[in-house]
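Keep the model open while you read. The text goes from one residue out to its surroundings, then on to other parts of the chain.

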Amino acid sequence: MRKFAGMTAPEGRSDTPWHLATLVPAAGAFLADCGVPTAYEDGDGVTIAFGDNVRGLAPEAMRRGVILDVPAAQILADSGVDVGLRKVGARFKAADEWFDAEKAFVHASPSFEGFRISVDEKAVVDSEFVLGGLDFTIGAERTPAVYFYANADGGRFMVYAFDGYFSGPGKSRGMARARQVSRGVKWLSGKPLPAFTSGNPDVYLLAKKSADAMAIGVWNLFADEMLDPVVELDAAYDGVTGVGCDATLVGNRVKLGRVSAFSFAAFEVRKAPVR
């Protein structure tokens, strides 16, 4: 139970078994909702840590890029790490969010909560919570929902203005959010995800790379079939073999045939041998 040593109960939850909700890492579920391949071990890619799981994060991981929620960002800031977070205000109902890169206004669950935050002037705000609902076009108040920030020590951060464990539903389920994570990983690390797909809920990807090939598993964990899904790859490949599905390769994209509800498909892409 050392995980709970030094933890502070979230605001308004001191009399509830809040610690039980932190046993399963919320960051993993967040990435799964966004269709992002995930490794539960140290590596050379981007790290994600919500809440107290950020404690002990190594400086080299920060230089590779870290995705945080506000509680994790506050923990790092209190320990002297510059994450671009300048002030954390009160929680508020944050159901409405504007994604400028997608030119999309997304309405999440009415119970979803965010934090009012202020960020460094060098931070790049990627999406904003909009107070006033659909009146966002006529001067409604906005506050950062997600921002990117690079500090003077080489640390690179993508910070979500919510609590990854206790913000309520709606924070991760949506095409705009999935594409935002993909875009953020590329900003943090300088390279795209090895594989990514959007447009289908509850799709789980796993990817395994070698020097000249990559195998990708696609799990459709939703009650509807996937209609002609497309998986974007980190580079162009020269050949593809489908397993349990039709697979067509065009540059750095693989188009699959239909993937039935609650089923699995896989494919392998290969680069031509260097002569």
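**Starting from Pro144**

Begin with Pro144, which touches Phe115, Ile117, Val125, Ser127, Glu128, Phe129 and Ala161, leaving aside residues up to four places away in sequence. Note that this is a predicted model. Pro144 belongs to strand 8, residues 141-150. Is Pro144 buried or exposed? Its relative accessibility is 15%. The cut-off for buried is under 20%, so Pro144 counts as buried. Now find Val124. Along the sequence, Val124 and Pro144 are 20 residues apart. In space, their C-alpha atoms are 9.5 Å apart.

Step back to the protein chain. It holds four helices and 17 strands. Of its 275 residues, 43% are buried. Take the contacts between residues at least 6 apart in sequence: 57% of them join residues at least 24 apart. The chain exposes about 13900 Å². Carbon and sulfur atoms supply 53% of that area.

**Strand 4 and its two partners**

Go to strand 4, residues 96-99. Asp96 and Trp98 point one way from the strand. Glu97 and Phe99 point the other way. All four residues, Asp96, Glu97, Trp98 and Phe99, are buried.

Which strands pair with strand 4? One is strand 5, residues 104-107, which pairs with strand 4 in the antiparallel sense over four bridges. There, His107 is the bridge partner of Asp96. Strands 4 and 5 form a hairpin, with four residues between them. In the turn, Lys103 has a positive phi of about 50°.

Another is strand 7, residues 124-131. Three bridges join strand 7 to strand 4, and the two run antiparallel. Here Glu97 stands opposite Phe129.

**Helix 3 and what covers it**

Next, look at helix 3, residues 70-78. Which of its residues are buried? They are Val70, Ala72, Ala73, Ile75 and Leu76. Their cover includes helix 2 (59-64). Several strands take part too, among them strand 1 (47-49), strand 2 (66-69), strand 3 (85-93), strand 6 (113-119) and strand 9 (156-160).

Now check both ends of helix 3. Asp69 caps the N-terminal end. A side-chain oxygen of Asp69 lies 3.0 Å from the backbone nitrogen of Ala72. Just after the helix comes Gly80, with a positive phi of about 100°.

Four strands form an open sheet in the order 11-12-17-14, with antiparallel pairing. Strand 11 (203-209) and strand 14 (239-243) are the edge strands, each pairing on one side only. From one strand to the next, the twist averages 15°. Strands of a sheet pair through backbone hydrogen bonds. Within this sheet, eight bridges join strand 12 (residues 213-220) to strand 17 (residues 263-270). For Ala215, the bridge partner in strand 17 is Glu268.

**Thr38, in a loop**

Finish at Thr38. Where does Thr38 lie? It sits in the loop between helix 1 (26-33) and strand 1. Thr38 counts as buried because its relative accessibility is 19%, and the cut-off is under 20%. The side chain of Thr38 reaches the backbone oxygen of Val36 at 3.0 Å. Beyond residues up to four places away in sequence, Thr38 touches Leu31, Leu205 and Leu206.

Definitions and conventions: Residues numbered from 1 in each chain as written. Predicted model: local features only at pLDDT ≥ 70, side-chain atom pairs only at ≥ 80, totals over all residues. Heavy atoms only, no water. Buried < 20%, exposed > 50% of the residue type's maximum accessible area, 1.4 Å probe, protein only. Contact = heavy atoms within 4.5 Å. Polar contact = N/O pair within 3.5 Å; in protein donor to acceptor, adjacent residues only side chain to side chain. Areas by Shrake-Rupley, 256 points an atom, 1.4 Å probe, with all protein chains shown as cover. Pairing = 2+ DSSP bridges. Axes fitted to C-alpha atoms, helices over the stretch in contact; angles between N-to-C directions.
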